[in-house]
Number of protein chains: 2
Amino acid sequence: MKRIHQTLATCGLRPTRQREHVYHVLLQQRDHPTAEEIFLRAKSEMPTISLATVYNCLEALEEFGLVKQVNMQRAATRYCPNMHDHHHFHCDACENVFDVPVSSPTPKSDVKLPSGFQVSGREVTLRGLCPDCGNGKRKVRRNG
Amino acid sequence: MKRIHQTLATCGLRPTRQREHVYHVLLQQRDHPTAEEIFLRAKSEMPTISLATVYNCLEALEEFGLVKQVNMQRAATRYCPNMHDHHHFHCDACENVFDVPVSSPTPKSDVKLPSGFQVSGREVTLRGLCPDCGNGKRKVRRNG
DNA sequence: CTAGGTGCAAAAGGTTTGCGGTTAA
DNA sequence: TTAACCGCAAACCTTTTGCACCTAG
């Protein structure tokens, strides 16, 4: 928790209790919770925190490069504190989101961008069934 | 337009005037309009069509594999009638979305998926500046 | 001390839904 | 003929905003 405080300060982000707590909640579980889910988890240990504050904190954390947004089809934005180069896998059944490591560090070679485009970011999302849902087990709802 | 009728029928999708028109509107311009934009364009030639119907039509077209959704960060879903394997480029300035051809047909080789995952789809989105916005020209708002 | 953050409640999009009337096969 | 679709309006969900109070530096 002291580390989190340090991390925020180092980024130039004013380390408030709420921001530290929201970031802490994100680091605690390796899933990709929605703002609402983050709010509920944060609230359990900090009852006075509001949803709007969670959104504010997430926006600040994103701006300072500590979390990334993950957007799925027609679903609420999810947040990911893993800033290493990786892809995402979205299970169509349980809607959990998993990190997928990449072997080579961003092989941009497979795209033919017409000249003039300046690329600053790249996002890869895979869809399908995760091991639990593919094995015929019942659909597991995210979070808990 | 007769072709569109045929296409819908061939897919097993009941070809109604509204669906044909929505699909027609999507094919007419090579951009990636939002539902609202599609609604406005459709309305100009079919004044009685409603936004809900546009959503219904888009949902049906998507279900039958004629269009794909393209989701950007915190923005309205956009729709793309190009069903060939391709990526998307999202301009951070003007927010236009461009299709990006891929050289090799889906090189899945660069991801290390843990066993048990069944992949059914893959979506790649690049972000940055398009030629117009990168060249210092003023930001061009999408559509018109 | 003060710029910026927080909590609250209300509003603003974007999308979905319920229902009576309509239409394509 | 009839199951599916359409138009309308209202609901719904996620996210943003305005404002008074508070807090970290």
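Guide: Helices (H or I, at least four residues) and strands (E, at least two) are DSSP runs, numbered from the N terminus. The model is predicted, with local features needing pLDDT of at least 70, side-chain atom pairs counting only at pLDDT 80 or more, and totals for chains, interfaces and linings using all residues, while side-chain values rest on heavy atoms, with hydrogens and water left out. Residues are numbered from 1 along each chain as its sequence is written, and chains are lettered from A and ligands numbered from 1 in the order in which they are written.

Visitor: In which element is R78(B) found?
Guide: The side chain of R78(B) reaches the backbone oxygen of H32(B) at 2.7 Å, a polar contact, which is a pair of N or O atoms within 3.5 Å; within protein, one must be able to donate a hydrogen and the other to accept it, and residues adjacent in sequence count only if both atoms are side-chain atoms. As for its place in chain B, R78(B) belongs to residues 78-80, which form strand β2.

Visitor: Is R78(B) buried or exposed?
Guide: Buried means under 20% relative accessible area, exposed means over 50%, and partly exposed lies in between (1.4 Å probe, protein chains only). R78(B) has 5% relative accessibility, and therefore counts as buried.

Visitor: What are the elements that cover the buried residues of α2(B)?
Guide: In α2(B), the buried residues are E20(B), H21(B), V22(B), Y23(B), V25(B) and L26(B). Contact here means heavy atoms within 4.5 Å. On that basis the cover from chain B includes α1 (2-11), α3 (35-45), α4 and β2.

Visitor: How many Å apart are the end C-alpha atoms of α2(B)?
Guide: The expected span of a helix is 1.5 Å times one less than its number of residues. With 12 residues, α2(B) should therefore span 16 Å, and this agrees with the distance between its end C-alpha atoms, 16 Å.

Visitor: Which residues come nearest to DNA strand D?
Guide: A residue is near a strand if one of its heavy atoms lies within 4 Å of it, and 19 residues are around DNA strand D. Sugar and phosphate account for 75% of the atoms of DNA strand D that come within 4 Å of the protein. Those residues that come nearest are Y55(A), T16(B), R19(B), T53(B) and R74(B).

Visitor: Which elements give two or more residues to the surface near DNA strand C?
Guide: Phosphate oxygens of DNA strand C lie 2.6 Å from a polar side-chain atom of R19(A), 2.5 Å from one of T53(A) and 2.9 Å from one of T77(B). The elements are α2 (17-28) and α4 of chain A, together with α4 of chain B.

Visitor: How many Å separate the centres of domain 1 and domain 2 of chain A?
Guide: Domain bounds come from an automatic or database domain assignment, which for chain A gives domain 1 (2-70) and domain 2 (84-134). Taken over C-alpha atoms, the centres of these two domains of chain A are separated by 24 Å.
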